[in-house]
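Good morning, and thank you for coming.

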Amino acid sequence: MKESKKLTKEQEKLRFITPGLVGLLIFYLLPLCYCALFSFSATSGRFSFDGVKNYESLLESGTFRMALGNTYFLMATFLLVLYLLTILLVYFLDTSKGTLGVLLISALPMLLPPTLITKCLQELNLPPRLALLAIFMWKYLGFHVLLLKVVEMTMRKEWIEAAVLDRGTKWQIFTRIVWQYLWPYQRFLLIFDVICFFRLFRENYLLYGAYPPDQVYTISHFFFNNFQNLNYQRLSSAAMLALVPVLLLNVILLKVGGRHEMV
């Protein structure tokens with residue numbers, strides 16, 4: 001009887017996740033595999049195996065190296081600045097209703113259309129990288145702090161009270177209890193930020209067009225321009241090379257995050 005109930009629960013779980021798995025297979029994994037296969041093709045029509053010449057050509061291209069280098073340099077810089085500012089604000093701000101209200105308002109730029117944001121910055125004439133950093137902070141900093149402060153409110157008060165009785169300082173309580181408790185959510189936000197960084201191409205394009213200054217020419221511009229030129233095999237190879245660091249970053253975050261989760 002118990003075994004039949006367990007089978008029924010397993011079947012219900014399988015029915016629940018099957019549509020998602022089918023969608024993942026059809027709309028992501030199969031196209032990704034086709035893209036990986038097509039990156040070895042010599043022509044953009046039917047498949048014609050050409051070895052790794054597409055990859056060699058890409059790695060010899062100064063434009064591609066600049067786009068890839070800019071992408072991961074800007075991503076690392078923007079994510080680091082966003083993470084540090086988020087942690088500092090979470091440390092200094094309280095969880096009162098007034099603070100949460102201000103944070104809720106500061107999270108609204110995330111919903112604003114890119115045209116409105118870029119028009120505001122065009123008047124300031126900031127350097128390209130600083131302009132994109134300002135957009136990234138404006139859009140996502142409030143949301144990050146709001147999410148972590150709301151999660152902080154779910155902590156058990158006994159943990160903080162015990163730390164206070166043990167004469168723990170505010171910094172010790174934050175780093176050893178609060179930060180550890182928030183780590184799984186920080187890990188989610190870091191993965192989310194990687195996705196949001198690539199979405200920054202819209203604002204970049206509106207500010208500087210398809211051929212921006214070299215400092216902000218990213219892999220998204222390289223994809224866009226090659227797609228315009230119908231150079232699909234080159235586009236597929238570039239996608240594979242750009243995908244590897246992103247996958248490695250996500251694997252590292254998942255591995256590291258599992259060690260810091262609190263029960």
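In which helix is the place of Asn225? Asn225 has its place in helix α10; helices here are DSSP runs of H or I with at least four residues, strands are runs of E with at least two, and both are numbered from the N terminus.

Before going further, a word on the basis of what I shall say. This is a predicted model, in which local features need pLDDT of at least 70 and side-chain atom pairs count only at pLDDT 80 or more, whereas totals for chains, interfaces and linings use all residues. Residues are numbered from 1 along each chain as its sequence is written, and side-chain values use heavy atoms, with hydrogens and water left out.

Let me stay with Asn225. Its relative accessible area is 8%, so Asn225 is buried; the term buried means under 20% relative accessible area, exposed means over 50%, and partly exposed lies in between, with a 1.4 Å probe and protein chains only. Neighbours within four places in sequence aside, Asn225 is in contact with Ala210, Tyr211 and Tyr217, where contact means heavy atoms within 4.5 Å. Helix α10 covers residues 219–228, and its buried residues are Ile219, Ser220, His221, Phe222, Asn225 and Asn226. After α10 comes Leu230, with a positive phi near 60°.

I turn to the overall architecture. The protein has 11 helices and zero strands. How spread out is the protein, compared with a compact globule? Its radius of gyration is 23 Å, well over the 18 Å that the globule rule gives for 263 residues, so the protein is more spread out than a compact globule. That radius is taken over C-alpha atoms, and the rule is 2.2 Å times the number of residues to the power 0.38. The C-alpha trace spans about 70 × 70 × 30 Å along its principal axes.

Of the 263 residues, 37% are buried. Among contacts with a separation of 6 or more, 75% join residues 24 or more positions apart. The accessible surface is about 16200 Å², and carbon and sulfur atoms hold 68% of that surface; the areas come from the Shrake-Rupley method with a 1.4 Å probe, and for residues only the protein chains shown count as cover.

Which residues have the most contacts inside the largest nonpolar core? They are Phe78, Leu132, Ile135, Phe136 and Leu182, in a core of 41 residues. A nonpolar core is a set of buried Ala, Val, Leu, Ile, Met, Phe, Trp, Tyr and Cys residues joined through side-chain atoms within 4.5 Å. Two or more residues of this core come from each of α3 (62–92), α4 (97–106), α5 (114–122), α6 (128–152) and α8 (170–199). Apart from this core lies another, of eight residues, including Leu58, Tyr217, Ile219 and Phe222.

Residues up to four places away in sequence not counted, Ile135 touches Ile117, Leu121, Leu200, Glu203 and Leu207. Leu121 belongs to helix α5 and counts as buried at 12% relative accessibility. With the same exclusion of residues up to four places away, Leu121 touches Leu126, Ala131 and Ile135. The C-alpha atoms of Leu121 and Ile135 are 8.3 Å apart, at a distance of 14 residues along the chain.

Beyond its neighbours within four places in sequence, Ser237 is in contact with Ser39, Asn54, Tyr55 and Leu58. Leu58 is also among the residues of the eight-residue core.

The C-alpha atoms of Arg199 and Phe136 are separated by 9.9 Å, the two residues being 63 apart along the chain.
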